[in-house]
Amino acid sequence: MSDQSTSGAPQRRTFLMVLPLIAFIGLAVLFWFRLGSGDISRIPSALIGRPAPQTTLPELEGLQDNGAQVPGLDPAAFKGKVSLVNVWASWCVPCHDEAPLLTELAKDKRFQLVGINYKDAADNARRFLGRYGNPFGRVGVDANGRASIEWGVYGVPETFVVGREGTIVYKLVGPITPDNLRTVLMPQMEKALKAAGS
């Protein structure tokens with residue numbers, strides 16, 4: 001009789017030892033498919049529909065446009081204008097890829113481009129803008145990253161559409177590409193411009 005009761009114990013013990021491994025593999029597979037299937041540019045933002053952060057940022061010293069210092073970020077600059085706010089850094093590889101697209105966007109005078117330079121050295125930021133051209137009418141320096149946290153930034157680059165009333169209406173996580181510029185960002189900008197005109 002004792003043989004029967006002890007023969008089931010090793011099987012049960014083996015099952016209990018393997019159970020955590022099975023659970024771990026199941027969760028790993030679930031996370032793999034859930035994380036791999038999502039579009040990171042569609043991460044929701046709690047700031048959509050809320051006023052843009054009221055954070056003043058200093059100018060990027062030495063950044064000139066036609067001999068005048070390019071101003072820093074002043075929240076009052078959002079009132080009355082549709083704005084495209086781009087968070088960037090010279091050390092950010094995708095920022096280099098999107099820079100020519102921002103330069104092209106700057107030709108559209110229906111809205112203003114505002115840059116937030118994130119945790120960057122001033123010399124490197126000026127060199128970056130010198131290399132690609134400065135598309136921004138304002139560049140605020142976020143040396144410690146606190147202002148970017150207030151904007152809800154996950155990482156650079158990120159781009160926000162701010163309506164004429166100073167409210168964030170759209171957030172793009174990741175770099176601007178020709179595809180998302182055409183299919184997502186410009187339609188969002190057009191929507192903000194139409195809302196502003198009515």
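I note at the start that this model is predicted.

Entry one: the cis bond. I looked up which peptide bond is cis, and found the one from Val156 to Pro157. Its omega is near -5°. I then asked where Pro157 lies. Pro157 is in the loop that runs between α4 (146-150) and β6 (158-162). I wrote a reminder beside this: most peptide bonds are trans.

Entry two: positive phi. Most residues other than glycine have a negative phi. I therefore stopped at two exceptions.

Asn66 is not a glycine, yet its phi is positive, about 55°. I found Asn66 in the loop between β1 (64-65) and β2 (68-69). Is Asn66 buried or exposed? Asn66 counts as exposed, because its relative accessibility is 79% and the cut-off for exposed is over 50%.

Lys119 also has a positive phi without being a glycine, and here the value is about 45°. Lys119 sits in the loop between β4 (112-118) and α3 (122-132). Its relative accessible area is 42%, so I put Lys119 down as partly exposed.

How many disulfides does the structure hold? I counted 1. The partners are Cys92 and Cys95, with sulfur atoms 2.4 Å apart. Next I checked the handedness. The torsion about the S-S bond of Cys92 and Cys95 is about 85°, so this disulfide is right-handed. Last, I looked at burial: Cys92 and Cys95 are both buried.

Terms used
Residues are numbered from 1 along each chain as its sequence is written. This is a predicted model: local features need pLDDT of at least 70, side-chain atom pairs count only at pLDDT 80 or more; totals for chains, interfaces and linings use all residues. Side-chain values use heavy atoms; hydrogens and water are left out. Helices (H or I, at least four residues) and strands (E, at least two) are DSSP runs, numbered from the N terminus. Buried means under 20% relative accessible area, exposed over 50%, partly exposed in between (1.4 Å probe, protein chains only). A disulfide is a pair of cysteine sulfur atoms within 2.5 Å.
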